[in-house]
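Work through the exercises below with the sequence and the structure in view. Each task is followed by a solution in steps.

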Amino acid sequence: MRVNPNPLPDLLAALEQGQQQINTDLEQIASGQTVSAPSDNPAAAASLVVNADQTSEVDQFQRSIASIQGEMQNADSTLNSVITALQRAITLGTEGANGTLNDSDRQALAVEVQGIQSELMNLANLTCQGNFVFAGTATQSAPYAIGANGVTYSGNDRSTRITVGDHLTLQTNLPGSQLFSSPGNDMFQAIQDLITNLQSGSNIDTAVHEVSSAYSHINAQRVFYGNALNQLSSQQTSLNSESTQLAQQQNSLDGADLSKVISDLVNAQTSRQATLQAIGQTQQTNLFSYIK
Amino acid sequence: MSGLNASLAAALSGLMAEQGAIEATTNNVANVNTPGYSREVPVLASSDPTAVGHLTLGTGVTLRSIQSVRDTILESRIQQETQAQGQFNATVSALSQLQVSFTGSSGDIGTAISNFFDSLNQLSTSPSDTSLRQNVLTAAGNLATAFNTTANRLTSQRSSLDDSVEQTVGQINQLTGQIAQLNGQISSLDNSGQSPGTLIDQRTQLIDQLSSLVDVSVIPTDGTLTLTTASGTALVAGQQSFSLSTQADHSGVQHIFSQGTDITATIVSGQLGGLLHIRDQQIPALQTQLDTLASSLANQVNSVQTAGYDLNGNPTTMVNLFTPPPASGTGAAASLSVAITDPALIAASSDGSAGDNGNLEAMYALRNQAFVQGQTPTGYYSSVVFQVGNAAANANAEQSASSLVLQQLNDQRASVSGVSLDQEAANLVRYQQAYAASAQVISTINSMMQTVINMKTS
């Protein structure tokens with residue numbers, strides 16, 4: 001049977017293929033990735049797009065949590081100070097209700113409670129990066145101001161929620177109207193009453209009772225921040241593990257298996273060398289060499 | 001009459017025939033590396049015998065012709081496969097350029113979509129923060145730029161394919177002209193009874209080249225060939241070639257005409273078929289998908305944006321974030337742009353208070369809403385990436401498969417038509433020895449004649 005007398009083009013094609021394999025292997029070793037263009041693995045390339053978006057989203061949630069955590073911690077410790085101040089006011093009021101005190105003693109106590117009042121004002125007007133934390137969503141102006149009728153609230157009663165996870169939104173603030181100015185538990189009204197009653201010397205007990213009721217209310221509300229902060233840190237933990245999972249998924253989609261790639265490379269090189277040698281040795285002679 | 005002269009004539013025919021055979025061998029050896037060359041064999045036949053009385057005597061040998069050894073069916077298979085190869089080559093080269101735009105990178109559409117929504121989530125932590133608002137505008141601008149860049153790349157690739165179409169048509173015309181000319185030469189050689197072997201080789205070679213450019217059907221007619229496209233448009237008929245021409249349509253895309261008829265849609269194979277497929281189907285489909293994504297995204301974002309309040313508490317009913325895309329969606333990706341420059345105009349608030357982020361959260365929720373033909377924006381984009389990658393991967397696979405088939409066919413062709421130096425060397429020895437033998441016969445007859453002449457004089 002007659003065979004192809006010139007196998008060189010086929011051998012060259014085989015060499016080219018071997019070189020192509022070597023190039024691909026080298027590229028994968030250099031980049032550590034198997035998908036450098038969508039055509040390398042279309043399904044993986046599409047999944048990588050989604051994976052990249054999810055990774056980016058998880059990273060963003062982490063950043064957002066870090067941003068609101070600071071503000072919420074600030075609010076929480078401010079509420080702590082409010083509670084301490086209210087405890088002092090209650091102590092002073094209880095002292096004032098003691099029948100053995102005279103007018104000027106009670107006046108002195110009233111002055112001290114006025115000090116507490118302005119301290120509470122400062123605390124309730126807490127700002128964080130230029131925003132008033134306890135103003136509801138009216139964060140651009142101080143929610144509490146003192147006037148002829150005592151302390152008034154000019155914020156609103158709205159709160160904000162932020163997405164910090166897949167289908168997870170978290171309330172990030174309590175408005176002053178709910179914390180300090182809640183009807184029936186109005187802290188500033190109670191303090192104002194305490195001051196007035198200390199000055200007049202009548203119904204001090206009632207005012208002290210008002211303050212302790214505001215105290216209990218705020219103490220109860222404060223749990224919100226503790227809970228939210230706990231939720232944030234547990235969400236951080238779950239985002240961390242999500243981020244690890246996404247990285248693993250990404251690696252399984254396009255991570256090069258180095259040991260496999262290197263062994264492929266060695267095989268390709270060996271076969272290329274063998275082909276080259278074979279070509280070099282077999283193409284030397286034909287019948288013309290022997291006809292003298 | 002039999003006699004020494006007849007023997008001399010027979011021996012001489014042997015000398016001449018072997019000389020012709022050696023010439024054929026020499027030509028084969030000389031063309032051992034000529035692409036498309038088919039080896040030639042001498043066709044020897046014994047000359048017509050003469051009857052002398054009751055004897056029938058041979059009169060030597062005749063070199064009937066020098067014939068090229070070829071398998072025409074194999075050659076037409078090669079031409080068909082060459083068409084497929086040409087188509088896949090064009091497709092692979094165009095798609096591998098195309099998919100660069102859809103390869104994950106910092107500036108690609110997927111990343112830009114992620115970054116835009118990330119910036120919204122960050123702003124949500126502090127809705128009145130001007131620098132975070134500015135970040136949202138920047139991310140929106142980058143998103144628009146990513147769409148613009150990708151859309152522009154598609155457009156410019158389409159126009160460079162258009163240039164290639166024109167060039168290819170030029171090459172086709174050149175080849176059909178040459179083939180028509182060869183047809184003429186071959187039929188005049190045929191008519192004069194000479195063997196047109198090498199001219200046929202050249203023509204086959206040109207048809208192979210033509211096949212890689214366009215789908216060609218070869219119809220043998222009376223010693224010449226008629227070439228048409230697969231759908232029947234004449235390219236060459238005998239000695240006449242029919243040029244194709246190109247003409248731009250209203251959108252600036254080149255259409256291909258043959259004798260006044262637009263044949264663009266009928267060309268499906270060869271390099272031209274591949275170019276047209278990418279230019280007229282793949283790229284427009286991608287453009288439509290990008291436009292769909294860009295316009296749905298812009299419209300959805302705008303509809304949330306216009307339902308809120310800006311940083312100063314003013315309703316943003318008339319303030320879009322993105323310039324509204326064309327109603328048809330066509331060109332949305334190329335023209336996407338951010339409509340506002342003042343970061344305060346971003347409608348973060350749903351009630352007018354500066355610290356509210358209700359509207360922003362609604363805008364952020366779009367990230368995971370399936371509003372682009374039933375998919376989320378990122379989901380839709382990922383399916384576009386899949387399509388581009390899949391088209392390129394398929395074209396690669398088809399190209400490799402077709403290369404293997406073509407290689408196999410060329411092997412077969414070479415096993416029939418290729419010049420083997422071993423065989424030529426053996427033939428050379430054979431013809432040389434026959435030549436020497438014939439010469440020896442002449443020499444013997446010569447001495448016999450000498451004997452006869454001497455007999456008379458002595």
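**Exercise 1: where the chains meet**

Task: State how many residues of chain A are in contact with how many residues of chain B, and describe the side of chain A that touches chain B by class.

Solution. Step 1: 43 residues of chain A are in contact with 50 residues of chain B (two residues are in contact if their C-beta atoms, placed from the backbone, lie within 7 Å). This is a predicted model, in which local features need pLDDT of at least 70 and side-chain atom pairs count only at pLDDT 80 or more, while totals for chains, interfaces and linings use all residues. Residues are numbered from 1 along each chain as its sequence is written, and chains are lettered from A and ligands numbered from 1 in the order in which they are written.

Step 1: On the side of chain A that touches chain B, at least two residues come from each of α1 (8-31), α2 (42-97) and β5 (161-165) of chain A. Helices (H or I, at least four residues) and strands (E, at least two) are DSSP runs, numbered from the N terminus. The most is given by α2(A), with 16 residues.

Step 2: Sorted by class, this side of chain A has 20 nonpolar, 16 polar and 7 charged residues. Ala, Val, Leu, Ile, Met, Phe, Trp, Tyr, Cys and Pro count as nonpolar, Asp, Glu, Lys and Arg as charged, and the others, Gly among them, as polar.

**Exercise 2: the spread of chain A**

Task: Compare the radius of gyration of chain A with the globule rule.

Solution. Step 1: Chain A holds 7 helices and 8 strands.

Step 1: Its radius of gyration is 38 Å, well over the 19 Å that the globule rule gives for 292 residues, so chain A is more spread out than a compact globule. The radius is taken over C-alpha atoms, and the rule is 2.2 Å times the number of residues to the power 0.38.

Step 2: The C-alpha trace of chain A spans about 145 × 30 × 25 Å along its principal axes.

**Exercise 3: chain B**

Task: Give the helices and strands of chain B and its box along the principal axes.

Solution. Step 1: Chain B has 10 helices and 11 strands.

Step 1: Its C-alpha atoms fill a box of roughly 145 × 45 × 30 Å, taken along the principal axes.
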